[in-house]
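The following exercises ask for the reading of a protein model, one step at a time. Please consult the sequence and the model while working through each solution.

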Amino acid sequence: MSLSVSTRRRVGKTGLNLPVFGLGTAHIGELYAKVDEADSRATMDAAWAAGVRFYDTAPWYGRGLSEHRLGGFLRTKPRGEFQVTTKVGRTLHRPADPKAFDRSPWTGGLNFEVNFDYTYDGVMRSYEQALQRLALDTVDALVIHDLDAGFHGDKQAGYEKQLVESGINALVELKKSGDIQAYGMGINNNAALETIATQVDLDFCLVAMPYTLIDQDSLTRGMKALHDRNVSVIIGAPFASGILVTGSGAGAKYAYGAASPEVQARVRGIEEACKKHNVSMPVAALQFVLAHPAVVSVIPGAAKPSEVEANVAALGVKIPSAFWADLKAQGLLHPEAPVPA
(Lines give C-alpha, C1' and ligand atoms only; values in the text may rest on other atoms or scores of the structure.)
Protein backbone atom coordinates (compact mmCIF):
# COMPACT_ATOMS: atom_id res chain seq x y z
CA MET A 1 0.00 0.00 0.00
CA SER A 2 1.63 3.21 -1.20
CA LEU A 3 -0.17 6.30 0.11
CA SER A 4 0.52 9.99 0.53
CA VAL A 5 -1.50 12.97 1.68
CA SER A 6 -2.34 13.70 -1.95
CA THR A 7 -3.83 10.23 -2.65
CA ARG A 8 -7.59 10.57 -3.14
CA ARG A 9 -10.53 8.22 -2.87
CA ARG A 10 -14.11 8.70 -4.00
CA VAL A 11 -16.89 9.06 -1.42
CA GLY A 12 -19.67 6.56 -2.14
CA LYS A 13 -21.75 7.39 -5.19
CA THR A 14 -20.92 11.11 -5.05
CA GLY A 15 -18.52 13.23 -7.06
CA LEU A 16 -16.55 14.07 -3.91
CA ASN A 17 -12.97 12.79 -3.82
CA LEU A 18 -11.22 13.19 -0.49
CA PRO A 19 -7.54 12.89 0.39
CA VAL A 20 -6.80 9.72 2.36
CA PHE A 21 -5.37 11.88 5.15
CA GLY A 22 -6.96 14.88 6.83
CA LEU A 23 -6.68 16.85 10.06
CA GLY A 24 -9.26 16.42 12.81
CA THR A 25 -9.59 19.56 14.91
CA ALA A 26 -11.17 18.50 18.20
CA HIS A 27 -7.84 19.10 19.95
CA ILE A 28 -7.64 22.74 18.92
CA GLY A 29 -11.06 23.04 20.52
CA GLU A 30 -9.15 22.24 23.73
CA LEU A 31 -10.33 18.69 24.36
CA TYR A 32 -7.76 17.46 26.89
CA ALA A 33 -5.76 20.65 27.53
CA LYS A 34 -5.75 24.31 26.62
CA VAL A 35 -4.01 25.17 23.35
CA ASP A 36 -2.80 28.73 22.95
CA GLU A 37 -3.40 30.64 19.74
CA ALA A 38 0.21 30.39 18.59
CA ASP A 39 0.26 26.60 18.97
CA SER A 40 -3.11 26.25 17.26
CA ARG A 41 -1.95 28.28 14.29
CA ALA A 42 1.43 26.53 14.15
CA THR A 43 -0.32 23.14 14.06
CA MET A 44 -2.47 24.16 11.10
CA ASP A 45 0.50 25.79 9.37
CA ALA A 46 2.43 22.54 9.75
CA ALA A 47 -0.45 20.55 8.31
CA TRP A 48 -0.68 22.84 5.28
CA ALA A 49 3.10 22.73 4.76
CA ALA A 50 2.96 18.93 4.85
CA GLY A 51 0.37 18.91 2.08
CA VAL A 52 -2.76 18.33 4.17
CA ARG A 53 -5.79 19.70 2.32
CA PHE A 54 -8.71 18.09 4.15
CA TYR A 55 -9.93 19.46 7.49
CA ASP A 56 -12.77 18.30 9.74
CA THR A 57 -14.39 20.26 12.54
CA ALA A 58 -17.69 20.58 14.44
CA PRO A 59 -19.72 23.14 16.42
CA TRP A 60 -19.29 20.91 19.47
CA TYR A 61 -15.47 21.05 19.43
CA GLY A 62 -14.67 23.63 22.05
CA ARG A 63 -18.25 24.93 21.79
CA GLY A 64 -17.39 26.78 18.60
CA LEU A 65 -13.67 27.39 19.22
CA SER A 66 -12.43 24.79 16.74
CA GLU A 67 -14.53 26.21 13.91
CA HIS A 68 -13.40 29.74 14.70
CA ARG A 69 -9.74 28.77 14.71
CA LEU A 70 -9.93 26.58 11.63
CA GLY A 71 -11.95 29.17 9.74
CA GLY A 72 -9.50 31.93 10.60
CA PHE A 73 -6.76 29.77 9.13
CA LEU A 74 -8.57 28.56 6.01
CA ARG A 75 -9.84 32.06 5.24
CA THR A 76 -6.28 32.91 4.19
CA LYS A 77 -6.06 29.98 1.73
CA PRO A 78 -7.48 29.69 -1.81
CA ARG A 79 -10.91 28.04 -1.45
CA GLY A 80 -10.31 25.69 -4.35
CA GLU A 81 -7.24 24.18 -2.71
CA PHE A 82 -8.80 22.56 0.38
CA GLN A 83 -11.82 20.60 1.52
CA VAL A 84 -13.61 21.03 4.83
CA THR A 85 -16.35 19.15 6.65
CA THR A 86 -18.33 20.17 9.70
CA LYS A 87 -21.31 18.82 11.57
CA VAL A 88 -24.99 19.44 12.26
CA GLY A 89 -27.38 18.49 15.04
CA ARG A 90 -26.28 21.09 17.57
CA THR A 91 -26.87 24.82 17.61
CA LEU A 92 -24.94 27.16 19.93
CA HIS A 93 -26.47 29.87 22.09
CA ARG A 94 -25.50 32.38 24.76
CA PRO A 95 -25.84 30.79 28.21
CA ALA A 96 -28.34 32.26 30.65
CA ASP A 97 -25.55 33.00 33.15
CA PRO A 98 -22.20 33.36 31.31
CA LYS A 99 -20.22 33.93 34.52
CA ALA A 100 -21.32 30.62 36.04
CA PHE A 101 -21.34 28.61 32.82
CA ASP A 102 -19.58 25.22 32.88
CA ARG A 103 -17.77 24.48 29.61
CA SER A 104 -17.05 20.84 30.43
CA PRO A 105 -16.10 18.38 29.08
CA TRP A 106 -13.90 20.89 27.28
CA THR A 107 -10.83 22.04 29.17
CA GLY A 108 -11.12 25.45 27.53
CA GLY A 109 -13.37 26.35 24.64
CA LEU A 110 -15.98 29.09 24.46
CA ASN A 111 -18.99 30.13 26.51
CA PHE A 112 -21.83 28.74 24.41
CA GLU A 113 -24.69 26.51 25.48
CA VAL A 114 -25.62 23.59 23.21
CA ASN A 115 -29.09 22.81 21.92
CA PHE A 116 -29.65 19.49 20.15
CA ASP A 117 -31.91 19.79 17.13
CA TYR A 118 -32.12 17.26 14.27
CA THR A 119 -35.16 18.82 12.58
CA TYR A 120 -35.05 20.49 9.15
CA ASP A 121 -34.85 23.95 10.76
CA GLY A 122 -32.27 22.77 13.29
CA VAL A 123 -30.00 21.31 10.62
CA MET A 124 -30.26 24.45 8.53
CA ARG A 125 -29.54 26.70 11.49
CA SER A 126 -26.58 24.55 12.54
CA TYR A 127 -25.22 24.75 8.99
CA GLU A 128 -25.67 28.53 8.75
CA GLN A 129 -24.05 29.11 12.16
CA ALA A 130 -21.10 26.93 11.15
CA LEU A 131 -20.51 28.92 7.96
CA GLN A 132 -20.34 32.11 10.00
CA ARG A 133 -17.88 30.67 12.53
CA LEU A 134 -15.75 29.27 9.70
CA ALA A 135 -15.92 32.55 7.75
CA LEU A 136 -16.51 30.42 4.63
CA ASP A 137 -19.43 30.43 2.22
CA THR A 138 -19.23 26.70 1.50
CA VAL A 139 -18.31 23.41 3.11
CA ASP A 140 -17.77 20.22 1.14
CA ALA A 141 -19.82 17.88 3.30
CA LEU A 142 -21.93 17.85 6.46
CA VAL A 143 -22.05 15.20 9.17
CA ILE A 144 -25.01 14.34 11.43
CA HIS A 145 -23.31 14.51 14.82
CA ASP A 146 -23.65 12.37 17.96
CA LEU A 147 -27.08 10.87 17.35
CA ASP A 148 -26.75 8.11 19.93
CA ALA A 149 -28.07 7.22 23.34
CA GLY A 150 -24.79 8.02 25.05
CA PHE A 151 -25.63 11.69 24.55
CA HIS A 152 -29.41 11.64 24.59
CA GLY A 153 -30.61 8.92 26.95
CA ASP A 154 -34.40 8.66 26.96
CA LYS A 155 -34.65 11.45 24.35
CA GLN A 156 -32.89 9.30 21.76
CA ALA A 157 -36.01 8.02 20.00
CA GLY A 158 -37.36 11.55 19.65
CA TYR A 159 -34.15 12.84 18.07
CA GLU A 160 -34.05 9.89 15.67
CA LYS A 161 -37.61 10.72 14.66
CA GLN A 162 -36.59 14.35 14.07
CA LEU A 163 -33.86 13.25 11.69
CA VAL A 164 -35.84 10.64 9.77
CA GLU A 165 -38.99 12.74 9.36
CA SER A 166 -37.44 16.18 8.94
CA GLY A 167 -33.71 16.78 9.28
CA ILE A 168 -32.59 14.45 6.52
CA ASN A 169 -34.65 16.52 4.07
CA ALA A 170 -32.42 19.52 4.77
CA LEU A 171 -29.30 17.56 3.89
CA VAL A 172 -30.86 16.14 0.73
CA GLU A 173 -31.89 19.66 -0.28
CA LEU A 174 -28.43 21.13 0.38
CA LYS A 175 -26.81 18.39 -1.67
CA LYS A 176 -29.28 18.73 -4.53
CA SER A 177 -28.73 22.48 -4.69
CA GLY A 178 -24.94 22.04 -4.76
CA ASP A 179 -24.35 23.72 -1.39
CA ILE A 180 -22.65 20.52 -0.24
CA GLN A 181 -21.32 17.55 -2.20
CA ALA A 182 -22.10 14.83 0.33
CA TYR A 183 -23.54 14.15 3.76
CA GLY A 184 -22.85 11.53 6.37
CA MET A 185 -23.29 10.51 9.98
CA GLY A 186 -20.87 10.42 12.89
CA ILE A 187 -20.79 7.05 14.65
CA ASN A 188 -19.36 6.46 18.13
CA ASN A 189 -20.14 2.80 18.83
CA ASN A 190 -20.99 -0.52 17.20
CA ALA A 191 -24.68 -0.39 18.12
CA ALA A 192 -25.15 2.96 16.36
CA LEU A 193 -23.27 1.68 13.32
CA GLU A 194 -25.71 -1.22 12.99
CA THR A 195 -28.95 0.57 13.81
CA ILE A 196 -28.98 4.37 13.62
CA ALA A 197 -26.78 4.61 10.53
CA THR A 198 -29.23 2.39 8.63
CA GLN A 199 -32.28 4.64 9.14
CA VAL A 200 -31.46 7.13 6.36
CA ASP A 201 -29.57 7.07 3.09
CA LEU A 202 -26.00 8.29 3.55
CA ASP A 203 -22.94 8.96 1.43
CA PHE A 204 -20.50 8.14 4.23
CA CYS A 205 -20.11 7.51 7.94
CA LEU A 206 -17.52 9.21 10.10
CA VAL A 207 -16.60 6.31 12.36
CA ALA A 208 -14.98 7.51 15.58
CA MET A 209 -14.39 4.31 17.59
CA PRO A 210 -15.93 1.09 16.21
CA TYR A 211 -13.04 0.24 13.84
CA THR A 212 -9.47 0.59 15.11
CA LEU A 213 -6.37 -1.51 15.66
CA ILE A 214 -7.90 -2.42 19.05
CA ASP A 215 -11.47 -3.23 18.00
CA GLN A 216 -12.75 -4.86 14.81
CA ASP A 217 -16.02 -6.28 16.14
CA SER A 218 -17.83 -4.27 13.47
CA LEU A 219 -15.89 -5.87 10.59
CA THR A 220 -18.47 -8.48 9.58
CA ARG A 221 -21.53 -6.49 10.66
CA GLY A 222 -21.61 -2.70 10.64
CA MET A 223 -18.57 -2.09 8.44
CA LYS A 224 -19.62 -4.83 6.03
CA ALA A 225 -23.12 -3.37 5.77
CA LEU A 226 -21.69 0.05 4.88
CA HIS A 227 -19.45 -1.47 2.23
CA ASP A 228 -22.35 -3.45 0.76
CA ARG A 229 -24.45 -0.25 0.58
CA ASN A 230 -21.57 1.70 -1.03
CA VAL A 231 -21.47 3.99 1.98
CA SER A 232 -17.91 5.18 2.48
CA VAL A 233 -16.12 5.49 5.82
CA ILE A 234 -13.95 8.26 7.23
CA ILE A 235 -12.08 7.09 10.32
CA GLY A 236 -12.21 9.77 12.96
CA ALA A 237 -10.30 8.21 15.87
CA PRO A 238 -7.54 5.97 14.50
CA PHE A 239 -5.70 6.16 17.82
CA ALA A 240 -8.84 5.16 19.78
CA SER A 241 -8.79 8.64 21.40
CA GLY A 242 -5.21 8.32 22.63
CA ILE A 243 -4.02 4.94 23.84
CA LEU A 244 -2.60 3.83 20.48
CA VAL A 245 -0.18 6.76 20.68
CA THR A 246 0.56 7.02 24.39
CA GLY A 247 0.62 3.27 25.00
CA SER A 248 -0.86 1.30 27.85
CA GLY A 249 0.66 3.22 30.75
CA ALA A 250 -1.06 5.15 33.52
CA GLY A 251 -3.51 7.77 32.35
CA ALA A 252 -4.12 6.16 28.96
CA LYS A 253 -7.31 7.31 27.24
CA TYR A 254 -9.71 5.02 25.38
CA ALA A 255 -13.07 6.06 23.93
CA TYR A 256 -12.52 9.54 25.43
CA GLY A 257 -12.26 8.19 28.98
CA ALA A 258 -9.84 6.21 31.13
CA ALA A 259 -8.76 2.96 29.48
CA SER A 260 -10.06 -0.17 31.21
CA PRO A 261 -7.67 -2.92 32.41
CA GLU A 262 -8.96 -5.14 29.57
CA VAL A 263 -8.16 -2.54 26.91
CA GLN A 264 -4.76 -1.86 28.45
CA ALA A 265 -3.96 -5.59 28.41
CA ARG A 266 -4.89 -5.82 24.72
CA VAL A 267 -2.74 -2.82 23.90
CA ARG A 268 0.19 -4.34 25.78
CA GLY A 269 -0.06 -7.32 23.46
CA ILE A 270 0.03 -5.00 20.43
CA GLU A 271 2.99 -3.15 21.93
CA GLU A 272 4.91 -6.41 22.30
CA ALA A 273 4.27 -7.30 18.66
CA CYS A 274 5.39 -3.82 17.63
CA LYS A 275 8.62 -4.20 19.56
CA LYS A 276 9.25 -7.66 18.07
CA HIS A 277 8.83 -6.43 14.50
CA ASN A 278 10.28 -2.92 15.01
CA VAL A 279 6.98 -1.25 14.14
CA SER A 280 5.65 2.02 15.56
CA MET A 281 2.20 1.47 17.07
CA PRO A 282 0.79 4.84 15.87
CA VAL A 283 2.04 4.06 12.35
CA ALA A 284 0.35 0.66 12.45
CA ALA A 285 -2.88 2.20 13.76
CA LEU A 286 -3.05 4.76 10.94
CA GLN A 287 -2.19 2.37 8.15
CA PHE A 288 -4.45 -0.43 9.41
CA VAL A 289 -7.72 1.48 9.07
CA LEU A 290 -6.87 2.70 5.56
CA ALA A 291 -6.61 -0.92 4.36
CA HIS A 292 -10.35 -1.47 4.69
CA PRO A 293 -12.05 -1.17 1.26
CA ALA A 294 -14.82 1.10 2.59
CA VAL A 295 -12.42 3.62 4.15
CA VAL A 296 -11.67 6.70 2.08
CA SER A 297 -9.85 8.84 4.64
CA VAL A 298 -8.45 9.03 8.15
CA ILE A 299 -8.47 12.28 10.17
CA PRO A 300 -6.29 12.05 13.30
CA GLY A 301 -6.25 15.05 15.58
CA ALA A 302 -3.22 17.06 16.63
CA ALA A 303 -2.44 19.87 19.02
CA LYS A 304 1.14 20.64 17.98
CA PRO A 305 3.13 20.67 14.72
CA SER A 306 5.24 17.62 15.58
CA GLU A 307 2.09 15.49 15.91
CA VAL A 308 0.87 16.44 12.44
CA GLU A 309 4.30 15.84 10.92
CA ALA A 310 4.58 12.41 12.55
CA ASN A 311 1.12 11.38 11.34
CA VAL A 312 1.83 12.46 7.77
CA ALA A 313 5.15 10.62 7.78
CA ALA A 314 3.41 7.46 9.01
CA LEU A 315 1.70 7.03 5.64
CA GLY A 316 5.00 6.23 3.93
CA VAL A 317 6.45 3.78 6.46
CA LYS A 318 6.73 0.15 5.34
CA ILE A 319 5.34 -2.42 7.79
CA PRO A 320 6.40 -6.07 7.39
CA SER A 321 3.58 -8.49 6.59
CA ALA A 322 4.84 -10.72 9.41
CA PHE A 323 3.65 -8.09 11.90
CA TRP A 324 0.04 -8.35 10.77
CA ALA A 325 0.25 -12.14 10.64
CA ASP A 326 1.61 -12.17 14.19
CA LEU A 327 -1.27 -10.01 15.49
CA LYS A 328 -3.81 -12.35 13.88
CA ALA A 329 -2.06 -15.46 15.21
CA GLN A 330 -2.24 -14.05 18.74
CA GLY A 331 -5.92 -13.12 18.44
CA LEU A 332 -5.09 -9.41 18.63
CA LEU A 333 -6.54 -8.72 15.19
CA HIS A 334 -9.67 -10.11 13.54
CA PRO A 335 -8.62 -13.00 11.27
CA GLU A 336 -10.50 -11.50 8.30
CA ALA A 337 -9.39 -7.90 8.82
CA PRO A 338 -7.86 -6.33 5.69
CA VAL A 339 -4.28 -5.26 6.30
CA PRO A 340 -1.87 -3.09 4.30
CA ALA A 341 -0.20 -4.97 1.46
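**Exercise 1.** Locate Ser 218 in the chain and determine whether Ser 218 is buried or exposed.

*Solution.* Step 1: Ser 218 belongs to the loop that lies between strand 10 and helix 7; helices (H or I, at least four residues) and strands (E, at least two) are DSSP runs, numbered from the N terminus. The model is a predicted one, in which local features need pLDDT of at least 70 and side-chain atom pairs count only at pLDDT 80 or more, while totals for chains, interfaces and linings use all residues. Residues are numbered from 1 along each chain as its sequence is written, and side-chain values use heavy atoms, with hydrogens and water left out.

Step 2: The relative accessible area of Ser 218 is 1%, so this residue is buried; buried means under 20% relative accessible area, exposed over 50%, and partly exposed in between (1.4 Å probe, protein chains only).

Step 3: Leaving aside residues up to four places away in sequence, Ser 218 touches Asn 190, Leu 193, Pro 210, Tyr 211, Met 223 and Lys 224, where contact means heavy atoms within 4.5 Å.

**Exercise 2.** Describe the surroundings of strand 11 (residues 232-235).

*Solution.* Step 1: Strand 10 (residues 204-207) pairs with strand 11 in the parallel sense through four bridges; two strands pair if DSSP finds at least two bridges between them. Opposite Ser 232 of strand 11 stands Phe 204.

Step 2: From strand 10 the chain passes through helix 7 (residues 222-228) to strand 11, in a right-handed β-α-β crossover. The term right-handed applies if, with the strands pointing away from the viewer, the path from the first strand over the helix to the second runs clockwise.

Step 3: Strand 11 is also joined by three bridges to strand 14 (residues 295-298), and these two run parallel. Here Ile 235 has Val 298 of strand 14 as its bridge partner.

Step 4: Strand 11 is covered on both faces, with Ser 232 and Ile 234 buried on one side and Val 233 and Ile 235 buried on the other.

**Exercise 3.** Is Ala 96 buried or exposed, and where in the chain is Ala 96 found?

*Solution.* Step 1: Ala 96 is in the loop between strand 6 (90-93) and strand 7 (113-116).

Step 2: With a relative accessible area of 80%, Ala 96 is exposed.

Step 3: From C-alpha to C-alpha, Ala 96 and Thr 25 are 28 Å apart in space, and they are 71 residues apart in sequence.
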